[in-house]
Amino acid sequence: MRGTGLQTDLALSTPERVSLALPVAGIGYRSIAYLVDVLLLLLVWTVAFFLYTLAGRDLLEDYEGMSGLWKALAIIGAFATQWLYWTASEVLWNGQTPGKRLLRIRVAREDGAPTGFFESAVRNLCRVVDFLPVAYATGLLTMLLTRQHRRLGDLLAGTLLVREEKIDLDKYTRSGAVEALPVPGAAAAGLPPLPPAEVELLLAFLSRRPTLAPEARRRLAFRMLEHFAQGLPDSERAALGSSLEAAEAFLHSRAQGG
Amino acid sequence: MAEPLPDFVSRRRPQWEELSKLLEAQRSGSLKLLDLYVLDRLYRRASSDLARAQAFYPGTDAHRFLNQLCSTAYGAIYQPPRDRLAGLKDFYLRGFPCALREETRFLAASTALFSLGLLVGAAVVLFEPHGAELLVPAPLREAVAAKQMWTDSLLSVMPPGVAASHILTNNLTVTIATFAFGAAFGLGTAWLLLSNGVHLGSVVALCAREGMGYSLLSFVAAHGPVELSVIVISGAAGLMVGHALIEPGERTRAAFVKERSIKAVKLVVGCAPFLALIGVIEGYVSPGDLFPTPLKIALGLALGGLFWAYLCFAGREGHLLSRRGSGPG
């Protein structure tokens, strides 16, 4: 299964004596989040530039004529987007830059705690080294070589990126249209309860069922029926196999019944 | 036998959702004091649910959900003390100077490398006839040959505020690079210290040889002492990282490097406001003849002296400037 028990997961043990495993974000998530951030910064400057030129002004000419204070602010602003953007958003926004938030990943310390200011400063100041020689080559290489996909800055700061997954619990509780059918409940009653992995499999099928192609849905339903209806008398199995609705209703009650 | 998974989820789900809501409130800062009791109780319940899921429903979505819920709660509950404004004050009164005083070995090594660069640069220009062509960039050489101080034109090109912010961002970039390249086993830092030293040494020697030493002194006197100190301090920070990478001692390399990097970055962050101040001085005071040279020298010595007095004495036990309390982070 995704997310738990993988070699890369960040394993923690809480004072409550429960072990946690945080899924680590890989090179793909990280690169896309970076590109989103860079595009965002680019967009901000481009929009600012266009708004400026829309107002009928020539930027370069105006820059020459700008007062010292405004020029100074422009220079420091450019510096800030290069250096401060990352640390400021990570510290103020729970380890996330806008790009990271979009991809649902966040920076965490090795002990699972949120990043502090100094950790964030280390990992972001080291971008200059991770970028070398071109296009984050050093960072990408260290991400490939380290178990938890950390770039050089992360190794120095003791941080890594963890994923926040969107997990749908509805499939356990949702009562689909199938429940309205009277057939199955009694049929499943005499069967032994299923192990959780099989329940999970059934629920996965049932929750995805509306999105499946009709013939694939039929095929899967009857294949599962064959397996999960073992032990039922032949007459009942034949009745269940007569229609898709009956088969799905049976599978649903099987999952709910344990 | 455990209860069926769907029953378990439907029975416990309301409390999990309540915990998620409280955690969201905690994140946005709208958590009430009384909510804390509820949060604590719900977190413990969720933890035991997670233990249950690990035992009876491993690998299911319910397990993954609980795992994520508990790690968010764990992060929120057991987070390290946050550095806020009080922490910042304490950092400058105590944390930064104390951190630097504990690393005098690296400060000495960094100073030695920079001085070595200075000496080599100066020696090459003074004793090798073509040395200047090798080490000093052409525009600088032409200015010196024409007996012009190239920095005088600084103010005719841009107003002092702009020059100051250019200088500030440039100095910050150099400082950051000097620290960050320590990640190359300290070699990058050592190279930057040496090459900056060579650059400065060769220019000083060239100006002295061409009889422009006083003009150069007039330019660098006001900002030089603090600026060079900051370069040397960021060099020390870079060397700390390099040293931790090479020789972690009894610790694992990863753990030691992490610990040392966090300490090293404090030196760099600590220097930032001083760089800002010195950028202003370099932009406004240093160029041209607006201020007489003796005044610039006095200002430079006073600033350098104050800077080092602060570094040497702030936060010392029993000293006037010292304050009780622990440093941030």
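# A briefing on chains A and B

In this structure, the side chains of Asp111(A) and Arg109(A) meet in a salt bridge, 2.8 Å from N to O. Keep in mind as you look around that this is a predicted model. Across all chains the count comes to 23 salt bridges, and 2 of the salt bridges are found between chain B and chain A. Let's start with that opening pair and then visit other parts of the model.

**The opening pair**

- Asp111(A) has a relative accessibility of 34%, so it counts as partly exposed.

**Salt bridges that link parts of chain A**

- Asp154(A) pairs with Arg30(A) in a salt bridge, and their closest N and O atoms are 2.6 Å apart.
- Asp154(A) sits in helix 8 (residues 152-157) of chain A and Arg30(A) in helix 1 (residues 27-54) of chain A, so this pair ties together parts that are 124 residues apart in sequence.
- Are these two partners buried or exposed? Asp154(A) counts as buried at 0% relative accessibility, and Arg30(A) is buried with a relative accessible area of 8%.
- Both residues also belong to a network of salt bridges that links Arg30(A), Glu90(A), Lys100(A), Arg123(A) and Asp154(A).
- Another salt bridge joins Asp130(A) and Arg151(A), with the closest N and O atoms 2.5 Å apart.
- That pair links distant parts of the chain: Asp130(A) is in helix 6 (residues 127-130) of chain A, while Arg151(A) is in the loop between helix 7 (137-145) and helix 8 of chain A, 21 residues apart.
- Asp130(A) and Arg151(A) are both buried.

- Look for Thr159(A) in strand 4 (residues 159-163) of chain A.
- Thr159(A) has a relative accessible area of 0%, so it is buried.
- The side chains of Thr159(A) and Arg123(A) are joined by a polar contact of 3.5 Å, and Arg123(A) is also a member of the salt-bridge network described above.
- Leaving out residues up to four places away in sequence, Thr159(A) touches Val107(A), Ala108(A), Arg109(A), Thr115(A), Glu119(A), Arg123(A), Arg150(A) and Asp154(A).
- How many residues of helix 5 (residues 117-125) of chain A are buried? The helix is mostly covered, with 8 of its 9 residues buried.

**Where the two chains meet**

- On the chain B side, 59 residues are in contact with 60 residues of chain A.
- The two chains bury about 5300 Å² between them, and 68% of this is on carbon and sulfur atoms.
- One salt bridge to find here is between the side chains of Glu110(A) and Lys258(B), 3.1 Å from N to O.
- Between chain B and chain A there are also 6 residue pairs in polar contact, counting pairs with both residues at pLDDT 80 or more.
- Which helices of chain B each supply at least two residues of the side that touches chain A? They are helix 1 (5-28), helix 2 (33-56), helix 3 (61-77), helix 9 (160-180) and helix 13 (253-284) of chain B.
- The residues on this side of chain B divide into 33 nonpolar, 17 polar and 9 charged.

**The nonpolar cores**

- The largest nonpolar core has 61 residues, and those with the most contacts inside it are Phe96(B), Phe179(B), Ile233(B), Val265(B) and Leu267(B).
- Helix 13 of chain B gives the most to this core, with 13 residues.
- Not counting residues up to four places away in sequence, Phe96(B) touches Phe91(B), Lys266(B), Leu267(B), Gly270(B), Cys271(B), Phe274(B), Tyr310(B) and Leu311(B).
- Apart from this core lies another one, of 53 residues, including Val199(A), Met224(A), Tyr43(B) and Ala53(B).

**Asn170(B)**

- Asn170(B) is placed in helix 9 of chain B.
- With a relative accessible area of 47%, Asn170(B) is partly exposed.
- Asn170(B) and Phe96(B) are 74 residues apart in sequence, and their C-alpha atoms are 23 Å apart in space.

Methods. Residues numbered from 1 in each chain as written. Chains lettered and ligands numbered in written order. Predicted model: local features only at pLDDT ≥ 70, side-chain atom pairs only at ≥ 80, totals over all residues. Heavy atoms only, no water. Contact = heavy atoms within 4.5 Å. Buried area = accessible area lost by both parts, 1.4 Å probe. Salt bridge = Lys/Arg side-chain N within 4 Å of Asp/Glu carboxyl O. Polar contact = N/O pair within 3.5 Å; in protein donor to acceptor, adjacent residues only side chain to side chain. Helix = DSSP H or I, 4+ residues; strand = E, 2+ residues; numbered from the N terminus. Nonpolar A, V, L, I, M, F, W, Y, C, P; charged D, E, K, R; others polar. Core = buried A, V, L, I, M, F, W, Y, C linked by side-chain atoms within 4.5 Å. Buried < 20%, exposed > 50% of the residue type's maximum accessible area, 1.4 Å probe, protein only.
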